Amino acid sequence: MSKDKVMSKDKLTIIPAAKPLSGRAVPPGSKSITNRALLLAGLARGTSRLTGALKSDDTRYMAEALRAMGVTVDEPDATTFVVTSAGELKAPAAPLFLGNAGTATRFLTAALALGHGRYVVDGDEHMRKRPIKPLVDALKSLGVAIDAPTGCPPVTIDANGRFTNNKVVIDAGLSSQYVSALQMAAACGSEPFTIELAGADIGARGYIDLTLAVMRAFGARVSQPTPSSWVIEPTGYTATDFVIEPDASAATYLWAAEVLTKGAIDLGIANEDFTQPDAKAYDVIRQFPHLPAEIDGSQMQDAVPTIAVLAAFNETPVRFVGIANLRVKECDRIHAVSTGLNNIRAGLATEDGDDLIVASDPALAGQRLPADIDTFADHRIAMSFALAGLKIDGITILDPDCVGKTFPDYWKVLSSLGVAIKDE
Ligand SMILES: O=C(O)C1=C[C@@H](OP(=O)(O)O)[C@@H](O)[C@H](O)C1
Ligand SMILES: C=C(OP(=O)(O)O)C(=O)O
């Protein structure tokens, strides 16, 4: 839970928007890019200045972990981290607690495997259910003494600064973060290192491109001999000043609010200027209320809850495919979205294997349908269902502070666009 809670209420109710939402609302910095840049700055000798950064639970956990390992992380203002490092992450005195931050947990696990001494990577009760075994097995195959008895955090690493071979095969079916983690760690090795995918299946490939872009900005050299393999040179990282773009997943709520209310929200950045995978959601969202009958969410996974809630107001039903990974995010998002929609009106959503089918009903708009939405402590469930509240009277979001994971000002931003929010 965020230290600086935005509302500190158990629940809040969205009052339907009386008029189109309009105004300027710039999403916070990208979580994915901030946590990559923080790690690479921590692995680089010298001082790196990260601007436009996200300050939220997930990035605070990463920054705290770096501090616990001897890195100086200063925060001169609300969107800047200044990171000064000797270029190594010293074994911390206590386990690293990373909340439910998947990026911090996976990225650090691989990077610390090249450290020296004992590191314990742990998280909250949700993180302790999120699989990390494929990454742990890959590191074991590199001679690292690493153990995660449940297949989820906590992970204990006894590192001696080296891998015993220069190639690893990784199954990224459950999470692309395992690949990103190995890629970022590999530049700190002593020889060129090859990463190969075990299967064709990988989560959103766009996150790999994002990883490579941040690595290159910090001086790494990477080539891609085949679509499913990468060779990383042992360059280490060079401290640099780095500008972080706004968060594309956060942008999806604003894009959806805009089409739902026929408003005009200025995000301060054009959709085509994002480099993050979720920006693909823009073209889908703009088709509302004529969303396609089938949407493949595999390459814009974090945007699926947003589009699924939007789909409830579409003119025709939508089947979401390619979303099996959503079951191992902050919560089982297929189940959470389906539960929330069916709570609003029975039959609005169906789980079909790992597909989600959303029955559409434009007539939902304007109705009073009181529903307490269980967010399952998942920021994206809270933020997505707030969108339903813009059109339906009676939508109450439970545990609204969970937005602090990636978008602490979410409720303030909605208010600034004219949304009335009743806290209780
Ligand atoms: O690399 C990243 O920054 C991310 C990768 C995705 O996770 P998976 O790779 O686990 O699907 C995404 O859902 C997450 O929010 C951020
Ligand atoms: C899946 C998410 O986060 P992470 O895996 O980084 O915890 C998310 O932010 O939607």
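Aspartate 302 is buried in this predicted model, since 27 other C-beta atoms lie within 10 Å of its own and 20 or more are enough for that label. The UniProt annotation "active site", from an unreviewed entry, covers Asp302. Asp302 is also one of the residues around ligand 2.

**Aspartate 302**
- Aspartate 302 sits in a loop, with strand S16 (294-296) on one side and helix H9 (304-311) on the other.
- Leaving out residues up to four places away in sequence, aspartate 302 touches Ser249, Asp278 and Arg380.
- Arg380, one of these contacts, is also listed around ligand 2.

**Ligand 2**
- Around ligand 2 are Asn100, Ala101, Gly102, Thr103, Asp302, Lys329, Glu330, Arg380 and Thr406.
- This shell is made up of one nonpolar, four polar and four charged residues.
- Domain 1 (11-28 + 246-423) and domain 2 (31-243) each supply at least three residues to the shell around ligand 2.

**Ligand 1**
- Ligand 1 is surrounded by 13 residues, the closest being Ser32, Ser175, Ser176, Gly203 and Tyr207.
- Helix H3 (102-112) and helix H5 (177-186) are the elements that give two or more residues to this shell.
- By class, the shell around ligand 1 holds two nonpolar, 10 polar and one charged residues.
- Ligand 1 lies between domain 1 (11-28 + 246-423) and domain 2 (31-243), because both give residues to its shell.

**Nonpolar core**
- The largest nonpolar core contains 148 residues, and Leu40, Ala111, Leu182 and Leu387 have the most contacts inside it.
- Helix H7 (residues 248-261) provides the largest share of this core, with nine residues.
- At least three residues of the core come from each of domain 1 (11-28 + 246-423) and domain 2 (31-243).
- Alanine 111 touches Leu39, Leu43, Leu89, Met184 and Ala185, when residues up to four places away in sequence are not counted.

**Proline 27**
- Proline 27 is found in the loop between strand S2 (22-24) and helix H1 (31-43).
- Proline 27 counts as buried because it has 26 C-beta neighbours inside 10 Å, where the threshold is 20 or more.
- Beyond its neighbours within four places in sequence, proline 27 contacts Pro246, Asp247, Ala250, Ala251, Leu254 and Leu267.
- Proline 27 and valine 413 are separated by 386 residues in sequence, while their C-alpha atoms are 8.8 Å apart in space.

Conventions. Residues numbered from 1 in each chain as written. Chains lettered and ligands numbered in written order. Predicted model: local features only at pLDDT ≥ 70, side-chain atom pairs only at ≥ 80, totals over all residues. Core = buried A, V, L, I, M, F, W, Y, C linked by C-beta atoms within 7 Å. Buried ≥ 20, exposed ≤ 12 C-beta atoms within 10 Å, placed from the backbone. Helix = DSSP H or I, 4+ residues; strand = E, 2+ residues; numbered from the N terminus. Domains from an automatic or database assignment. Contact = placed C-beta atoms within 7 Å. UniProt positions renumbered as here; feature names shortened; annotations may be inferred. Near = placed C-beta within 6 Å. Nonpolar A, V, L, I, M, F, W, Y, C, P; charged D, E, K, R; others polar.
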